[in-house]
2 protein chains.
Amino acid sequence: MQKLPKIPESEWLVMRVLWSKGPLTANEVVKELTGKTKWKPKTIKTLITRLMKKGAVKFEKEGRKYRYYPAVSEAECVRMERYSFVRRVYGGTTRPMLAAFLEDAKLSAEDISELKKILEQKEGE
Amino acid sequence: MQKLPKIPESEWLVMRVLWSKGPLTANEVVKELTGKTKWKPKTIKTLITRLMKKGAVKFEKEGRKYRYYPAVSEAECVRMERYSFVRRVYGGTTRPMLAAFLEDAKLSAEDISELKKILEQKEGE
DNA sequence: GACGTTGGATTACAAATGTAATATTTTAGG
DNA sequence: CCTAAAATATTACATTTGTAATCCAACGTC
């Protein structure tokens with residue numbers, strides 16, 4: 001398991017694009033984010049560069065441009081964020097957090113039965 | 001409902017102390033955090049001051065010292081953090097996040113039945 | 001082959017954050 | 001009163017983050 005870099009808010013947007021759309025050129029990333037943010041293209045380039053320096057993305061050369069792709073797993077990053085969120089806000093105790101989350105969430109009947117299934121699954125372990 | 005200030009990681013620790021132990025002097029806060037962090041007392045004073053500037057804590061004078069107490073609701077702050085967490089990491093979709101949370105959490109049998117109860121409650125609405 | 005265009009590399013710069021140290025003001029004790 | 005101790009207030013300073021702009025190199029065009 002790689003060492004996970006710290007990914008701040010704005011870089012998450014870029015990572016989410018790269019995770020979902022695989023290797024993209026900088027301009028493609030810019031295009032993906034148009035409408036979702038008001039960032040100038042240069043800003044997005046900067047974010048990509050920073051992610052590279054942290055080792056969160058890599059690239060393959062394609063002619064004179066680069067195609068960027070994630071170098072860290074989305075699942076791992078998400079897990080880490082979840083963990084650090086719980087620690088920060090709830091001091092590490094998970095259950096009250098989950099309870100609050102569940103109570104507060106707007107859930108469809110489907111969502112609910114899905115989640116119950118997960119719990120029952122765990123119950124059996 | 002007040003406007004909620006932004007509370008960064010380290011200040012959360014201070015807020016959690018104040019939320020749980022009511023009005024405290026700076027030194028009492030320091031004492032509460034001893035062992036939990038390696039911060040120097042001065043650092044903690046700084047954090048308190050910043051929280052005051054943001055309006056997250058207020059104080060009453062007691063002789064020459066102050067007793068600090070939270071000026072914003074824990075529930076509200078936590079809700080906001082939860083919300084911004086989901087938005088950042090999952091782009092706003094709550095269910096997959098909850099699913100991942102539940103799957104990943106270490107839960108006792110009790111926790112599980114508690115959480116199921118919450119879900120059933122919501123089911124009935 | 002000079003030149004504009006297009007991409008990446010380098011630089012910019014303010015605000016927020018982490019982590020304190022120094023300065024100043026009270027006040028309790030001698 | 002004068003001073004040491006204790007509190008608060010002010011100042012410090014490196015990093016990180018948000019948000020770009022400028023510089024430079026390669027490429028395709030006339």
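## Layout of chain A

Chain A splits into domain 1 (9-70) and domain 2 (74-123), with bounds that come from an automatic or database domain assignment. Taken over C-alpha atoms, the centres of domain 1 and domain 2 of chain A sit 29 Å apart.

A word on the ground rules: this is a predicted model, where local features need pLDDT of at least 70 and side-chain atom pairs count only at pLDDT 80 or more, while totals for chains, interfaces and linings use all residues. Residues are numbered from 1 along each chain as its sequence is written, chains are lettered from A and ligands numbered from 1 in the order in which they are written, and side-chain values use heavy atoms, with hydrogens and water left out.

## Where chain A meets chain B

Counting contact as heavy atoms within 4.5 Å, 36 residues of chain A touch 36 residues of chain B. The two chains bury about 4,200 Å² between them, 65% of it on carbon and sulfur atoms; that is the accessible area (1.4 Å probe) lost on putting the two parts together, summed over both. Arg82(A), Arg88(A) and Arg95(A) provide 18% of what chain A buries against chain B, more than any other three residues.

The interface of chain A and chain B has 15 salt bridges, each a side-chain nitrogen of Lys or Arg within 4 Å of a carboxyl oxygen of Asp or Glu. One of them pairs Arg79(A) with Asp104(B), with the closest N and O atoms 2.5 Å apart. On the chain A side, α1 (9-21), α4 (74-90), α5 (94-104) and α6 (109-123) each give two or more residues; helices here are DSSP runs (H or I, at least four residues), numbered from the N terminus. That side divides into 18 nonpolar, two polar and 16 charged residues, with Gly counted among the polar ones.

## Around DNA strand C

Now for the DNA. Of the 20 residues around DNA strand C, Asn27(A), Arg64(A), Ser10(B), Thr43(B) and Thr46(B) come nearest, where being near takes a heavy atom within 4 Å.

A side-chain N or O atom of Asn27(A) is 2.5 Å from a phosphate oxygen of DNA strand C, and a backbone N or O atom of Tyr66(A) is 3.0 Å from a phosphate oxygen. Arg64(A) goes for a base instead: a polar side-chain atom lies 2.9 Å from a base oxygen. By element, α3(B) gives the largest share of this surface, five residues.

Terms used
Polar contact = N/O pair within 3.5 Å; in protein donor to acceptor, adjacent residues only side chain to side chain.
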